[in-house]
Amino acid sequence: MKLLKRAAAAAMALILAFAVTGCDRIRQDDIAATGVENSVSVGVYRAFQVDNTGNAMAYVENTDDLLNQQIDGKPVADWIKEQTESQLRYYIGVETKLRELGRLPLTEEEQQSIQENADSQWSDNGASLYYEPNNVSKKSFETYIYYKSLPPILMEAMYGEDGAQAVPEDTLLDFVTDNVFMAQYVYLLKNAAIVADADEKNAALIEAFEGYRDGVNNGTMTYDDVLAAEQSRVDADSTQPKSSSDAEWVNSKDAVNLTDEIKEQFFATEPGKALLVPDAPSNMIYFFIRYTEEQMRSYIQENRSEILGQYVGTSLEEDMVAYGDSLGITFDDEKLSVLSLEEIVIDTGDTEE
């Protein structure tokens, strides 16, 4: 396994120059998967294989001896193969479902967007330096990006406003009300114990935020009023820690680093009302003003795809994994045998001693 350590730019460029000659050893367009209308080529398979080789490194103790270790009780090489082929079945399933819905070929606008994304990643974001040395041509990379771009298109085709199973806005409103953090937000770090009179200063901080909470909840303060009052507090006493605020704070229920207790308090707070968490982990104070229904609807209208993805994303992915598995897709191990895992180059970001 060639794990490329980050060294001097000239040395790395030399290594990549030699590695890229490996593209000549495989036939990029040879068909690697059969059983579907548009079969996957060896080059596209390689792109997913390279990704999963990098992913495997997160599950082993010694990345310098990757292929001699196990993940989930199976050899790493077998794990990489299973992950790669499962992902390809999923994306082929998505493509096949789009074809059934009459959404293929894609619109010219969608095709152009995917092509521009592939070009940008290849040339501007360094993808060529990662994939080309690993036997992935630009053409294969473009198809790889094409597959990666299909799931959100399918989601819209099935569940979008004009989709076959369009999800009503009220359904999305119910979902975000119970599952998505939507709030105006202020947070700050309390005085550390080493600060003189830290206990008294922190008590004053909490008292100030309790006043903001009560003001919002009794209708005498808005979010802008809270920000103005907080700025006045900071200006009046420079020893107090400064706060940070976000006029719009939206996050998945499962994605934020909040305790279950704080999450429960948030969703138990009435929309439009304030919640103060004075003793959050890491010595933090959190202050939320939960979005009103009107604010939630406005956000849904402007970010419908994002919210729709949170609502149906997991179930749609599970359905498409099962659907892809049902298509009878097979992979040509003989043609894929030219793809050596030992020759894959992964930049770990480590500095060469």
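Predicted model: local features only at pLDDT ≥ 70, side-chain atom pairs only at ≥ 80, totals over all residues.
The expected span of a helix is 1.5 Å times one less than its number of residues.

**Helix H4**

Helix H4 runs over residues 108–123 and has 16 residues, so at 1.5 Å a residue it should span 22 Å; the C-alpha atoms at its ends lie 22 Å apart, in agreement. Its buried residues are Glu-110, Ile-114, Ala-118 and Trp-122. These four sit on the same side of H4, because they cover an arc of only 95 degrees around the axis. What do the buried residues of H4 pack against? Their partners are helix H5 (127–131) and helix H6 (138–159). On the face turned away from the buried side, H4 carries the exposed residues Glu-108, Glu-109 and Ser-123.

**The sheet**

Four strands make up an open sheet, in the order E6-E5-E8-E7, with antiparallel pairing. E6 and strand E7 (274–280) are the edge strands, and each of them pairs on one side only. From one strand to the next, the twist averages 30 degrees.

Strand E5 covers residues 180–189, and eight of its 10 residues are buried, which leaves the strand mostly covered. E5 pairs with strand E6 (residues 244–252) in the antiparallel sense, over seven bridges. Pairing of E5 with strand E8 (residues 284–290) is likewise antiparallel and involves seven bridges. Some bridge partners and facing residues are listed below.

| Residue | Opposite residue | Strand of the opposite residue |
|---|---|---|
| Ala-183 | Arg-290 | E8 |

**Helices H7 and H11**

Helix H7 (residues 169–179) and helix H11 (residues 293–302) have axes that come within 10 Å and cross at roughly 115 degrees. Is this crossing left-handed or right-handed? The crossing of H7 and H11 is right-handed.

Which residues meet where H7 and H11 are in contact? On the H7 side they are Glu-169, Asp-170, Leu-172, Leu-173, Val-176 and Thr-177. On the H11 side they are Glu-293, Met-296, Arg-297, Ile-300 and Gln-301.

Conventions. Residues numbered from 1 in each chain as written. Heavy atoms only, no water. Buried < 20%, exposed > 50% of the residue type's maximum accessible area, 1.4 Å probe, protein only. Helix = DSSP H or I, 4+ residues; strand = E, 2+ residues; numbered from the N terminus. Pairing = 2+ DSSP bridges. Arc of directions from axis to C-beta. Contact = heavy atoms within 4.5 Å. Axes fitted to C-alpha atoms, helices over the stretch in contact; angles between N-to-C directions. Left-handed = near helix turned anticlockwise from the far one by under 90°.
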